[in-house]
Every structure is written in C-alpha cells, then in structure tokens.
Amino acid sequence: MRRFAQKTIFKVQLYVPGRPIEEVKRELGLKDVIKLASNENPWGPSPKAVAAIMKEARQVNRYPDGDCFYLRQALAKRLQVSPRQLVFGNGSDEIIVLAARTFIRPGDEVIIAKPSFLIYDIAATIAGARVKAVPLKNFRYDLEGMKKAVSKKTRIIFLGNPDNPSGQYFTQKQVERFLDGLRRDILIFIDEAYHEYVQAPDYVDAIGLLKRHKNILATRTFSKMYGLAGLRVGYGIGDEETVDCLNRVREPFNVNSLAQAAALACLNDRPYYQKLAVEIERQRKAIYAGLGKLGVKYIESCTNFVLMDMRQDASRIVRALLAKGVIVRDMRAWGLERFIRVTIGTAVENERFLNALKEIL
Ligand SMILES: *Cc1c(COP(=O)(O)O)cnc(C)c1O
C-alpha cells in the first residue's frame, strides 16, 4: 500500500511521545518510576472532575453530545465570547490538525518557529504545505524574522504562547506590532496550551485581539493545568466564520462524553486550580534553586516545564535518569542536543529528580 499513500506523509518526522510510566517499569524492571516528560499535571484533576467522570460512566452506551452544549455554554460565559466562536477538539492537537486540513491548499506556505511544538510542522506538512521554519533568537521567537518570511503563499503562522519547549511568552505589544501591516487572510494560530500558568500582566489577550483581527485562532486545553490529558479535550477560540469552517471538517463526535463532563467540572472548581497555581510557582522556584546549586543552566519559564542545558550530550543524561526511574524529555528531536526538558512535578518528584541529577553529574 505504501506507494499509494499521500506523498506528504513520508516527509514528516515521526512524533515520539514521552514514555509512559508503565512501559518504563516493564522494560527496566523498576518499581517506582516518575514521569516529568509530558508537562502533565502530577496532582491530578479536581476531585469534582473525577466524580463527574464516574457519574457519566454509566451512560457511555450513548454517543456524546456532538456540540458539547454544556461545556460550550460555560466556556462562552467564562471567556465572554459567543458560543459560536468556540470549536472543541480531541485535545487541542486536533484543532491544529483541523486548521491545517481546513485552510491549507496545494502550494501554500506555513511559518513556524524552530524549534517549536512538533505538531505544527507535522500537521502542515501532511496537509501539503511548504513549512518555513524561522530559528528562535536566544530562545525567543524572532517575530520580525517570521514577518519577513511571509510571502504571497503564506496561509498559516503558528505562534506558541507560551512556547514549548522554551517556556517563553510574547507580550501584547509584541503581537500587536507583529500583526500590524500583516495580510488579513493569513490564519494567525496562537497556541495557548499553557495559558493557565502565565502570571505576567503584559501577556497577550488573544480574545481581545480577535475583535480587531478576525484571522486569529487561539487554542487552549484541559490537558495541562486542568489535568485531563488522558481524556483529550481542548478548544479553539476564533471568529465565527473561521470556527464554522473548522466545524465542517471536524468529526461529529470528536470529544467523548467523559471528557465533556470532566472539563465542565474542572471549570467549576476554581479554588482547586488556584491552589495548584500557587504550588507550581513554589515548585518552579525549588527546581531553579536546585539547579543553581548543581550549576546547571536553565531557561526561565512561565509554564510547568523547564528547559535545561546539560552542556554535554543530553541523551546520556536522559538514559541515566531513566535508569533511576526518572523520565524526562530528550530535546534531540527539536535539534537541541545538549538540552533536556523537565516538567515541574510534586515536591517529592522534583527532589527525586534533583537528587538523581546530582548523582549523575
Ligand atoms: C501539550 C500541548 C498541546 C496540546 O495538547 P492536547 O493534549 O492535544 O490539548 C498543544 N500545544 C502545545 C505547545 C503543547 O505543549
């Protein structure tokens, strides 16, 4: 069958996810393994979300609500947008894929940063786009360089805000300057998977910008801060016209019923997540302090992960940590051979990571 497949699928680099805990336990014969590789929430979702899943479980014989009615109403109210400005996905990854499938026509170009989240490149390439990757400058997006890369064929520009793997964010001013004078028929995809972690007052208000720039599509997810990665639910916020196009491509039952119930319960438990945000802040500082003591350089992050410079082949460090039951992310696939990316875990997990790293170094 291989020769009948779309040619574009052979151009992409296969996505290698962080390794699951159970797999590492099995393969290395370890009993106690921690995972700090996929920017998950180690405390788990709100107990109210778990209760909502249990309740909903009895009805999984029924198809889910293809319109995500209750979740849509609640989010629209929370974000002060019209319900028709929201599109839900099987994770926000699906919104990236939907945007590529919906808007890319043969010969179109897509602009991304290098390195950035790998799915932008994969989705755009499979959809048939030529991908122009503009290198980061000192671990920040080179917005000027990306603007210069725009051509008549540019269809989508992907901006991670905050960005993965660097953990940096853009300010409102930076994005406004970027949008100024840019063609209005280019989809500006602003990936806000880590939106809930950002405390900075000058962080971009993508929903506010949408009023003047209808070509923006912002995405957020319940996978990270909300702790529902295993259930797969994320969403896009855009102009009604953009959202309508995406909905034509979307599968009718793409968000399952457990995910919908859990996401709604998460939204309604603000105190739980406010407490988590404070704890993450504290743990981020603890990691910085630990790295400082070990003399390991890192990129300061506004998210729940930290990029660290090992100043040697990072794969060796990743393997040594794995042997001690600590899964972190090797940044080789992103072209950062000396770097690892480590998710901020619980106090116990972070201490275990720092101790393991100390022994290795
Ligand atoms: C984790 C992540 C996502 C999406 O995750 P989903 O689980 O598909 O919602 C999107 N973008 C970035 C940059 C991420 O790190």
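Analyst: Helices (H or I, at least four residues) and strands (E, at least two) are DSSP runs, numbered from the N terminus. This is a predicted model, where local features need pLDDT of at least 70, side-chain atom pairs count only at pLDDT 80 or more, and totals for chains, interfaces and linings use all residues. Residues are numbered from 1 along each chain as its sequence is written, and side-chain values use heavy atoms, leaving out hydrogens and water.

User: Which residues of helix 7 are buried?

Analyst: Val175, Phe178 and Leu179, in a helix spanning residues 172-179. Buried means under 20% relative accessible area, exposed over 50%, and partly exposed in between (1.4 Å probe, protein chains only).

User: What makes the buried residues line one face of helix 7?

Analyst: Seen down the axis, they fall within an arc of 95°, so they line one face. That arc is taken from the directions from the helix axis to the C-beta atoms. On the other side, Lys173 and Arg177 are exposed.

User: Why is helix 3 called roughly parallel to helix 10?

Analyst: Helix 3 (residues 69-79) and helix 10 (residues 257-267) pack at about 30°, with axes 9 Å apart. Angles under 35 degrees count as roughly parallel, over 145 as roughly antiparallel, 65 to 115 as roughly perpendicular and the rest as oblique, so helix 3 is roughly parallel to helix 10. Axes are lines fitted to C-alpha atoms, for helices over the stretch in contact, and angles run from 0 to 180 degrees between N-to-C directions.
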